[in-house]
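Thanks for making time, everyone. Let me put the next structure on the screen and walk you through a few features.

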Amino acid sequence: MPTPDFTVEDFCKDPTFIHWVLSPNDESNRFWQSFMADYPHKVADIRLAIDYVKTIRFQEIEPSPQELARLKQRIWNDIEKPDRQTPVVPLVYEYRRLYWAAAAVVLLVASIGFAWSIYQANSSLTYQTAYGKIQEIKLVDGSVVTLNANSRLKVADNLADRPIREVWLEGEAYFDIAKRKGAKFIVHTSEAQIDVLGTEFNVNTRRDQTHVVLEEGRVQLSTDNQSMVVMKPGDMATVSPKNRQIQLKRVQPELYDAWRESYIILDGKSLPEIINSLEDTFGVEINLNDSLLLNQKLTGKLRTDVADDCIENLGIILDANIKKTGDTYQIR
C-alpha cells in the first residue's frame, strides 16, 4: 500500500502503481487521484514515476515463419475435428491459467523493478521544483541535495561509480556531499564550477549570479576567467556576471540556508534583497511604492509557507499596506 513517504523509486516498484500506469481503470483512477489530493507534495514524484514506468520498454518478440506455420496447422486441425461440441474446460486448466496469470504479474513487477535499477544506473536524472515547493533528493552516492523552489538539478549518469561526480544547477540548492574514496563532486552553474570532496554548502544561481556559502568542509571555486579559489567555512563567494571574477566575504551561513526550514531571516539583508528572494520563491511580482521603506533595517524571521501570508506579514513588519492584483503585490 503506497504511503506519503514513498519515493519515486518506491512508486516505480509498487505493483498497484505499475498496474494503474499500465492498465488504468475507474477504481485505480479514483484511488490515485484521491492519493494526490490528500498528499499534493507527492504529485511531482508520482508524475516522474509515471514517466519512468512508461519509459521502460519491453521487447516484443516476433514469431518466426516456422512458428506461424505450426500455429496455422494446429488451427486447421482443430477446425477439421468431427466433434464440434462446445469443449469442456477442465477446472485444473482454469487454475493453471490463473496461476500463470499471477506469475506473469509477479514477473512483470519484478522486471520493472529490475529495469528501474538498470535505468537508474545508466540514465541521467533531472529534478525540478515548482514555485513555493522544496524537495529533498537522496542521490545514489549517498549525498543529499535540498532543492529550493523554482529550481532544477540535473544529475550525471552512473553517479555512484564515477571518479568525478557531476551535477548541474539552475536556481538554489543546499548540498550535503558524501565522501566516496576521494571521488570529486562538482556542481556546475552557468557562471562557475564548484569542486568538493565532502562538505555542506549552499549554491544560489538566481538573478544571473552565482553565490556559494560554505557551511563546513572545503570547496574550490573557479570560473572561465579566474583560477581556483579555496573557500573556508563561513565564506560567501560571489561570481560577477560581467567578468566572472570571484569575490569572497565572511557571512553567517545560517542566514542563507534558512529556506530549507521554510523561512527567511531578515537580519543583515536589504529590503530589495528580501523582495527578490520572495519573488524567486513564489513566482510573483512585488513592487515597492514608498522609497522611504528602503532605509528600514529589518530583523527577525519570516515564514515562507504561503505567499499571501508571508507578504502580508512583511507589510506588518514594514508598517505598510499590501494590495494584491493577480500575482502582483504593491507595498505602500
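I will cover salt bridges, then cysteines, backbone angles and one surface patch.

First, the ground rules. This is a predicted model, where local features need pLDDT of at least 70, side-chain atom pairs count only at pLDDT 80 or more, and totals for chains, interfaces and linings use all residues. Residues are numbered from 1 along each chain as its sequence is written, and side-chain values use heavy atoms, with hydrogens and water left out.

Salt bridges, then. The cut-off is a side-chain nitrogen of Lys or Arg within 4 Å of a carboxyl oxygen of Asp or Glu. How many salt bridges does the whole structure hold? The search finds nine.

Take D195 and K184. Their side chains meet at 3.5 Å, N to O. D195 sits in strand β8 (residues 193–196) and K184 in strand β7 (residues 184–188), so the bridge ties together parts 11 residues apart in sequence. Strands here are DSSP runs of E, at least two residues; helices are runs of H or I, at least four. D195 is buried, at 5% relative accessible area. K184 is partly exposed, at 33%. Buried means under 20%, exposed over 50%, partly exposed in between, with a 1.4 Å probe and protein chains only.

Next, D280 and R207. Their closest N and O atoms are 3.2 Å apart. D280 lies in helix α7 (residues 271–282) and R207 in the loop between β9 and β10, so this pair links parts 73 residues apart in sequence. D280 is buried at 16%; R207 is partly exposed at 44%. R207, E279 and D280 are linked in a salt-bridge network.

Third, D235 and R250, at 2.8 Å between the closest N and O atoms. D235 belongs to strand β13 (residues 235–239) and R250 to strand β14, so the pair joins parts 15 residues apart in sequence. Is D235 buried or exposed? Buried, at 4%. R250 is exposed, at 56%.

Now cysteines. There are zero disulfides, taking cysteine sulfur atoms within 2.5 Å as the test. C12 is buried at 1%. C310 is buried at 1% too.

On to the backbone. Most residues other than glycine have a negative phi. D208 has a positive phi, near 60°. D208 lies in the loop between β9 (200–204) and β10 (210–216), and is exposed at 58%. S262 also has a positive phi, about 65°. S262 is in the loop between β14 (246–250) and β15 (263–265), but is buried at 18%.

Last, the surface. D176, E215, E216 and E254 form a negative patch. Patch residues have over 30% relative accessible area and no salt bridge, with like charges joined within 9 Å. D176 is in strand β6 (residues 172–176) and is partly exposed, at 33%.

Key:
Patch = residues over 30% accessible without salt bridge, like charges linked within 9 Å, V, L, I, M, F, W, Y side chains within 5 Å. Areas by Shrake-Rupley, 256 points an atom, 1.4 Å probe, with all protein chains shown as cover. Lys, Arg positive; Asp, Glu negative; His and termini not counted. Charge placed at Lys NZ, Arg CZ, Asp CG, Glu CD.
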